[in-house]
Amino acid sequence: MATNKSPLRITDTTLRDAHQSLLATRWRIEDMLPIATKIDEIGYHSVEMWGGATFDSCMRFLNEDPWERLRKLKALMPNTPFQMLLRGQNVVGYKHYPDDVVERFIVKACENGIDIFRIFDALNDLRNIMWAVKVVKREGGHVQACFSYTTSPVHHVRTFVRLAKEMRDLGADSICIKDMAGLATPEVTFELVARLKYELDIPIQFHTHDTAGMATASCVAAADAGVDVIDASISSLSMGTGQPPIETFVGIFRGTSRDTGLDLDQLMEIADFCRKARTKYAQFERGSRGVEVSVLRYQIPGGMLSNLVNQLREQNALDRYREVANEIQRVRADLGYPPLVTPSSQIVGTQATFNVLTGERYGIIIDEVRNYLRNMYGMPRGPVNEELYRKAIGDEEPITCRPADLLEPGMEKAREEIGDLAESEEDVISYAIFGPVAREFLERRKAGGHPASDPTVAAIAALVAEKEGMVKAPVAEQERPGLQMAVTPSTWRTSGRPRIRRIGGLPRW
């Protein structure tokens, strides 16, 4: 048997991204706690169990306190580093928040048990992660700076290597390749990891999804190129739009220089438990658990795909999925090819859905698209459609500063507004980020009530009705960030290309 010189380490995503991608983020804490101690005994590099859409979904759908989820799991899992996905200046929400809100969130996340912060920005605009990186470093957490991998006419391997070097210079302790749609082929993965390992002297981690069926091969290629850590999930909550199975890698690398050292029998026991627990959430399954080859064209990430299908089904419009997917490609091109990851995935996916359901492209332009074109989310890497730009914001010039520089502090205002409903600073932070959603949760908690119905369907229905002249009042902006729709386009059209323009005056990577 080969000497174990460089074990491949694994981050288990079962408690976060796996069920976000496969079960629309609906897995309840009551089905996590019974298996938590056994997960803690495995010996993972880390467990990703917080952040992303889980924070929102806890309050919006599950009537759970996301902070309490973190504390309960930490009490049962003291030996394994906890990891979260932090959307930079977006924190765990869908827009930018003031620096004081970002700071207090990170401080309390550290106090409650988060060890590793995977920090990214949807547009790969490093100005949007600088403050979060600084605060995590100050609080003694591990900064895993992360870039969103995508393919387009303006994205290349050299683009991402340059980004990673800039992230290292910001103070990153490790770098993660975030392949949220499962687009990275084994060949590209090997090249990217090899170049990062050659040019950087900090650990490299690889995160992907199995939507196109390439994840296992790409992770093996990453390991062959020297990656330090890969993301995977327990087999019974794996593959499809989720991550590849942990047990597979245990078998592949057993007896090699990259042997994971994990116990297959222990993993099988956890897999059996999760297989049974998964049956409770059948209504949130996509239906088909097979390979979705169309992701190579549409680039729809796992979490976005499961939510999009679920929401179209609830609107009796599932038969229009392909129309929406094709429109996502067009909208993404119009917006300069943003990576499709929260919140850009929601922005592109929701706008594409409106375009299809109303029968008119940009008959309704959502506020988030207007703000995107103002550079309020950061700098698009590619050119944008001139016609859409003028229709959305006219002659208005986009901003060139860091978007958060325009925001007033938010914590004291949130504290005053939420008043006695907040029983802790964590409650104030939840309200500062999610506003009415958090207020409704805190009111239900105080009254011992139950979660309200999904507001996404109501929001879309209201906007469609408004377009048709049936209602007049627009949906409030605070109601729309919860839209969990996302799909992705990547095909560069060689004919009928719209007029384009560059937004802003800042240099691009």
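Let's start with D65, which counts as buried at 15% relative accessibility. Buried here means under 20% relative accessible area, exposed means over 50%, and partly exposed is in between, using a 1.4 Å probe and protein chains only. D65 forms a salt bridge with R445, and the closest N and O atoms are 3.5 Å apart. R445 lies in helix 20 (residues 436–447) and D65 in the loop between helix 3 (54–60) and helix 4, so this pair ties together parts that are 380 residues apart in sequence. R445 itself is partly exposed, at 27% relative accessibility.

A quick word on what we are looking at: this is a predicted model, where local features need pLDDT of at least 70, side-chain atom pairs count only at pLDDT 80 or more, and totals for chains, interfaces and linings use all residues. Residues are numbered from 1 along each chain as its sequence is written, and side-chain values use heavy atoms, with hydrogens and water left out.

Back to salt bridges. Side chains of opposite charge can pair when their charged atoms come close. The rule is a side-chain nitrogen of Lys or Arg within 4 Å of a carboxyl oxygen of Asp or Glu, and by this rule the count comes to 36. One of them joins D228 and R9, at 4.0 Å from N to O. That pair also links distant parts of the chain, with D228 in the loop between helix 9 (215–224) and strand 8 (229–232) and R9 in strand 1, 219 residues apart. D228 is buried at 15%, while R9 is partly exposed at 36%. Another salt bridge, between R390 and D395, has an N to O distance of 3.4 Å. There, R390 is partly exposed at 32% and D395 is exposed at 66%. Salt bridges that share partners also join E68, R71, K108, E111 and E426 into one network.

Now the whole protein. How many helices and strands are there? The secondary structure comes to 21 helices and 10 strands. These are DSSP runs, numbered from the N terminus: helices are H or I with at least four residues, strands are E with at least two. Of the 509 residues, 62% count as buried.

Next, some backbone details. Most residues other than glycine have a negative phi, and most peptide bonds are trans. T25, in the loop between helix 1 and helix 2, has a positive phi near 60°, and T25 is buried with a relative accessible area of 1%. N124 also has a positive phi, of about 55°, and is found in the loop between strand 4 (116–120) and helix 6 (130–138). N124 is buried too, at 4%. A cis peptide bond joins T342 and P343, with omega about 5°. P343 is in the loop between helix 14 (321–334) and helix 15 (344–358).

Finally, cysteines. How many disulfides does a search of the whole structure find? The search finds 0, where a disulfide is a pair of cysteine sulfur atoms within 2.5 Å. C58 is buried at 1% relative accessible area, whereas C401 is partly exposed at 28%.
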